[in-house]
Amino acid sequence: MFSASENMQLVIMAFSMVTAAFMMSYFRLSGDFGRKVNVVLEILLAAAAIFYPKAVVMIPLVAYEAVIDRQIAAGIASFIALSGSYKVMELKEVILLLLITLLSAYLSYRTERMSILEKDNRLIRDEGEIKKEVLNDRNRELLAEQDKNIYMAQLAERNRIAREIHDNVGHMLSRSLLQVGAMMVVHKEEPVSAELSSLRQTLDTAMNKIRESVHDIRDEAIDVELAVKEMIEPLKARYNVNFECDISGRNMPKEIKYATINIVKEGLSNISKYSSNDTVDIQIDEHPSMYRIIIHDHAADEANLDTKEFKPTGDGMGLENIRLRAKQLGGQVSFYKGNGFKVFVRIPK
């Protein structure tokens, strides 16, 4: 049995080991300075075990930390301390302590290897997630581009069909109408004249239906974004043109399509005639309740300066045409001056 004094020494030693373990863990997680302090503690504990043999029980803890930090000095001091432990311990206790120290060093090595593997796995996983996200973005871009190409092909095919109907079927019907009209002049007898009149009405109706169909096909084939891109192409020789278009062109009514294209055309015409700035911003976007058109010419370094709204005066037809086109669709137009000239149009859906 241990005496009270020996029991107290064991309690103090156990408490010291736990405290040292927590301190080392804390310093290891405290950055570069903490790791340096941890190294000093390892060497001090190993040295303490040399001069105070009973502290040799701290050597497994020192061995665990020294393997992680690759501290040869702490390892040598630990070996010297273990060599002198026979003075206070029996041989079997020395052997047991040595085995525990070796196990502690091995566990430290395996823990470090597991930590490295975990970091590598996390890095590989993160890189995989990044690559996966990049591939998903690329797939979305490809699908969007594919949809756009299909849509453009549909528009081109609609235009081709409209031209075919107009050039072939429309001309044939027009020719038939002229022939029937000539026959009605020649044959004025009542039975024949009535039948020819009925035939002419039928042909007139067919001609009107074809005209309506051609117009509908052409209206659906209007692409606002493509039309504006064609308009801004000549301006690029004089201006730095920035164009953004965020609309669902397939659902935009044809009246708003025509108004948008003509408003942009008037705005760009005014810029070409009067602007001495170097930058043109064009923005067309769709909101839940309206479409918005912004045309702004300015100097490159003055894009964010304050602007003031003003009411245009004079005989200029361009701004008046913009105002009238928006008004016909229930929209509003605001004009601003201050850093160039800005046209701001809202057209309700």
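Colleague: Which residue of β6 does S334 stand opposite?

Modeller: S334 stands opposite F344 in β6. Bear in mind that this is a predicted model.

Colleague: How many residues lie between β5 and β6, and what is the phi of G338 in the turn?

Modeller: The two strands form a hairpin with 3 residues between them. G338 sits in that turn and has a positive phi of about 145 degrees.

Colleague: What is the strand order of the open sheet?

Modeller: Read from one side to the other, the 6 strands run β1-β2-β3-β6-β5-β4, and the pairing is mixed. The edges are β1, residues 240-246, and β4, residues 308-310, each of which pairs on one side only. From one strand to the next, the twist averages 15 degrees.

Colleague: Which residues of β3 stand opposite I284 and D285?

Modeller: I284 stands opposite I293, and the bridge partner of D285 is R292. These strands also form a hairpin, with 3 residues between β2 and β3.

Colleague: How many bridges join β3 to β6?

Modeller: There are 8, and the two strands run antiparallel. One of the pairs is M290 with P348 of β6.

Colleague: Next, the helices against the sheet. Which strands does α8 lie across?

Modeller: Helix α8, residues 254-274, lies across β2, β3 and β6, and runs at about 10 degrees to β3. The angle takes account of the N-to-C directions. Helix α9, residues 317-328, lies across β5 and β6 and runs at about 150 degrees to β5.

Colleague: What angle do α7 and α8 make, and how far apart are their axes?

Modeller: Helix α7, residues 224-232, packs on α8 at an angle of about 15 degrees, with the axes 10 Å apart. Angles under 35 degrees count as roughly parallel, so α7 is roughly parallel to α8. The crossing is right-handed.

Colleague: Which residues of α7 and α8 meet?

Modeller: From α7 the list is V224, A227, V228, M231 and I232. From α8 it is K257, T260, I261, V264, K265 and L268.

Colleague: Take T260 from that list. Is it buried or exposed?

Modeller: Relative accessibility is the value to read, and under 20% means buried. T260 has 1%, so it counts as buried. Leaving aside residues up to four places away in sequence, T260 touches V224, M252, I284 and I293. Two of these names have come up as a pair already: I284 stands opposite I293 in β3. V224 is in α7, among the residues that meet α8.

Colleague: For contrast, what is the relative accessible area of Q179?

Modeller: Q179, in helix α5 (residues 91-186), has a relative accessible area of 43% and is partly exposed. Q179 and R200 are 21 residues apart in sequence and 9.5 Å apart in space, C-alpha to C-alpha.

Colleague: What is the packing angle of α2 and α3?

Modeller: Helix α2, residues 31-51, and helix α3, residues 59-69, pack at about 145 degrees, with their axes 10 Å apart. Their crossing is left-handed. N38, V39, E42, L45, A46 and A49 of α2 make the contact with I59, V62, E65, A66 and D69 of α3.

Colleague: Finally, the whole chain. How many helices and strands are there, and what share of the residues is buried?

Modeller: The secondary structure comes to 9 helices and 6 strands. Of the 349 residues, 32% count as buried. The chain exposes about 22,900 Å², with carbon and sulfur atoms supplying 59% of it. Sequence separation can be read from the contacts: among those between residues at least 6 apart in sequence, 66% join residues at least 24 apart.

Technical notes: Residues are numbered from 1 along each chain as its sequence is written. This is a predicted model: local features need pLDDT of at least 70, side-chain atom pairs count only at pLDDT 80 or more; totals for chains, interfaces and linings use all residues. Side-chain values use heavy atoms; hydrogens and water are left out. Two strands pair if DSSP finds at least two bridges between them. Helices (H or I, at least four residues) and strands (E, at least two) are DSSP runs, numbered from the N terminus. Axes are lines fitted to C-alpha atoms, for helices over the stretch in contact, and angles run from 0 to 180 degrees between N-to-C directions. Contact means heavy atoms within 4.5 Å. Buried means under 20% relative accessible area, exposed over 50%, partly exposed in between (1.4 Å probe, protein chains only). Accessible areas come from the Shrake-Rupley method with a 1.4 Å probe; for residues, only the protein chains shown count as cover. Angles under 35 degrees count as roughly parallel, over 145 as roughly antiparallel, 65 to 115 as roughly perpendicular and the rest as oblique. A crossing is left-handed if the near helix is turned anticlockwise from the far one by less than a right angle, and right-handed if clockwise.
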